[in-house]
Amino acid sequence: MNKKSKRFSLLLTSMMAFSVLLSACGGGSDNAGANDSASGTGGTSEKPVELIWYTIGAPQKDLDKVVQEVNKYTKEKINATLKVNMIDYGDYSQKMQVKVASGEPMDIMFTSSWALDYVQNARKGAFMEIDSLIDEYGKGIKDTIDPAFLEGSKVDGHNYAIPANKELPAQEVWRFNKELLDKYNLDINSATTLESIEPLLKTIKENEPGVTPYAMVKDYMPVLPFDYIIEKMPMAVYLDTKDYKIVNILETPELKSSLETVHKYYKAGYLSSEVATTTSVDDLYKAGKWFMDRATTQPMADNLWTASYGYPVVSTPAGESYIYNWSVMGSMQAISANSEYPEKAMEFLNLLNTDPYLRNLIDSGIEGVHYEKINDNTIKNLPEAQNYDMPSFSLGNIMINYLNEGDPADKWEQFKKFNEAGINAPLLGFNFDTSKVTSEIAAVQNVKEEFWAPLMTGTVDPEEYLPKAIEKFKAAGLDKIIAEAQTQIDAWKAANNK
């Protein structure tokens with residue numbers, strides 16, 4: 001919808017598992033590709049193809065209701081129905097990895113740099129190489145989205161997923177519930193670092209016992225001056241690097257300082273006592289029982305969040321605007337290597353990314369139920385919108401979405417300017433080939449499961465647990481992974497005159 005949930009926040013921020021049925025049929029006599037994919041041999045078939053779609057996001061009460069409307073429209077467009085299975089953010093990667101490994105039937109799946117790792121799964125053969133499918137069935141996609149997304153998301157020279165056409169750089173912001181800011185006359189201009197927000201958190205903790213001062217989830221990461229080799233793995237280069245030397249971030253003073261601060265906040269009660277296992281804070285957002293969190297922003301983001309939650313949300317920068325591999329690959333839809341109907345899957349993705357009616361229906365719900373139109377291209381959410389708050393960033397081309405009330409008419413032009421102003425991160429365009437260290441990667445992931453969330457969320461004392469984590473990561477083979485990555489970066493650096 002024209003509302004952006006959590007990761008948009010990140011990062012954000014939040015996450016729960018959910019699956020539903022989304023049916024959609026259609027196909028005219030001129031839709032030869034649909035008939036070909038339905039029969040597998042060409043010719044005509046009146047029976048719709050069912051596409052199984054796994055995507056990310058929290059449960060939405062009114063999804064079935066919206067699906068009925070989607071079905072009516074797509075019936076006339078493509079000869080396909082959709083069975084949509086939504087899995088919440090915190091569970092998505094793990095559950096999908098199991099499904100992919102088991103060969104469970106599916107056609108389309110959400111992937112990204114941070115959920116169901118795009119590069120690694122493309123290289124492992126989980127996703128179909130789609131270059132020719134785009135050329136034949138996704139021409140509208142190539143005409144519509146910023147070419148930087150398709151070019152920047154290539155793996156070894158090929159595309160394996162369709163990126164969402166959205167903000168290209170990533171910039172972190174502190175987000176605030178404005179009603180609480182106003183109530184206590186708090187100034188967010190001083191909120192520039194993790195350490196600087198303490199007075200704000202303290203005020204809320206002392207005066208609002210029913211409010212969570214910092215709404216944090218278990219995949220939290222502090223804002224650090226690094227460009228990661230693999231997202232949320234403890235190896236990176238500094239953003240201002242000149243020699244492209246990889247560091248183990250667990251051994252850096254920047255991380256240690258951040259962990260000490262978050263642990264201090266945890267002990268002070270500014271975070272939930274269950275933050276290390278919390279996958280979603282949707283309940284806090286819906287009830288307005290949070291004061292602040294951190295999110296990834298975009299132009300007019302405050303309007304999106306305000307429209308989504310039904311009360312004013314404001315933000316202030318927490319970091320610079322950089323274009324990373326993970327921001328280019330931050331939201332994508334791949335076609336499964338096991339898909340029975342890859343042509344039809346690409347037809348649907350083409351429709352989703354180019355057809356404003358379908359995109360807004362799936363995104364914002366039903367006109368007159370979830371929103372009302374202010375003018376031809378601007379909407380205002382109705383109370384029922386709380387029952388259909390889809391993660392807009394995950395659903396494809398956001399630049400054909402309706403504007404929210406309060407958005408300027410040139411919103412999408414501002415997006416283009418925002419994208420052009422992003423700073424290229426040092427590793428933009430580098431994709432680590434892990435084939436020589438697969439066993440070490442698996443071992444390090446196991447250690448990460450044990451230590452990452454407790455450390456990053458401040459649940460444990462870094463003085464005690466950080467040395468243990470460093471030792472365990474090294475024993476699992478982190479140094480070997482870093483050495484292999486350094487060899488590849490050095491070769492890439494030389495080849496690209498970095």
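Mentor: Before we look at any residue, note that helices (H or I, at least four residues) and strands (E, at least two) are DSSP runs, numbered from the N terminus. This is a predicted model, in which local features need pLDDT of at least 70 and side-chain atom pairs count only at pLDDT 80 or more, while totals for chains, interfaces and linings use all residues. Residues are numbered from 1 along each chain as its sequence is written, and side-chain values use heavy atoms, with hydrogens and water left out.

Trainee: How many helices and strands are there in the protein chain?

Mentor: The protein chain has 19 helices and 18 strands. Its radius of gyration, taken over C-alpha atoms, is 22 Å, close to the 23 Å from the globule rule (2.2 Å times the number of residues to the power 0.38) for 498 residues, so the chain is as compact as a globular protein of that length.

Trainee: Where does lysine 232 lie, and what is its phi?

Mentor: As a general idea, most residues other than glycine have a negative phi. Lysine 232, however, has a positive phi of about 65 degrees although it is not a glycine, and it lies in the loop between strand 8 (226–228) and strand 9 (235–238).

Trainee: Is lysine 232 buried or exposed?

Mentor: A residue is called buried under 20% relative accessible area, exposed over 50%, and partly exposed in between, using a 1.4 Å probe and protein chains only. Lysine 232 has 11% relative accessibility, and therefore counts as buried.

Trainee: Which loop holds tyrosine 244, and what is the phi of tyrosine 244?

Mentor: Tyrosine 244 lies in the loop between strand 9 and strand 10 (247–248), and its phi is also positive, near 60 degrees, in a residue other than glycine. With a relative accessible area of 9%, tyrosine 244 is buried.

Trainee: Is proline 383 buried or exposed?

Mentor: Proline 383 has a relative accessible area of 69%, so it is exposed. This proline lies in the loop between strand 16 (378–381) and strand 17 (403–404), and its C-alpha atom is separated by 8.2 Å from that of tyrosine 371, twelve residues apart along the chain.

Trainee: What share of the residues of the protein chain counts as buried?

Mentor: Of the 498 residues of the protein chain, 61% count as buried.
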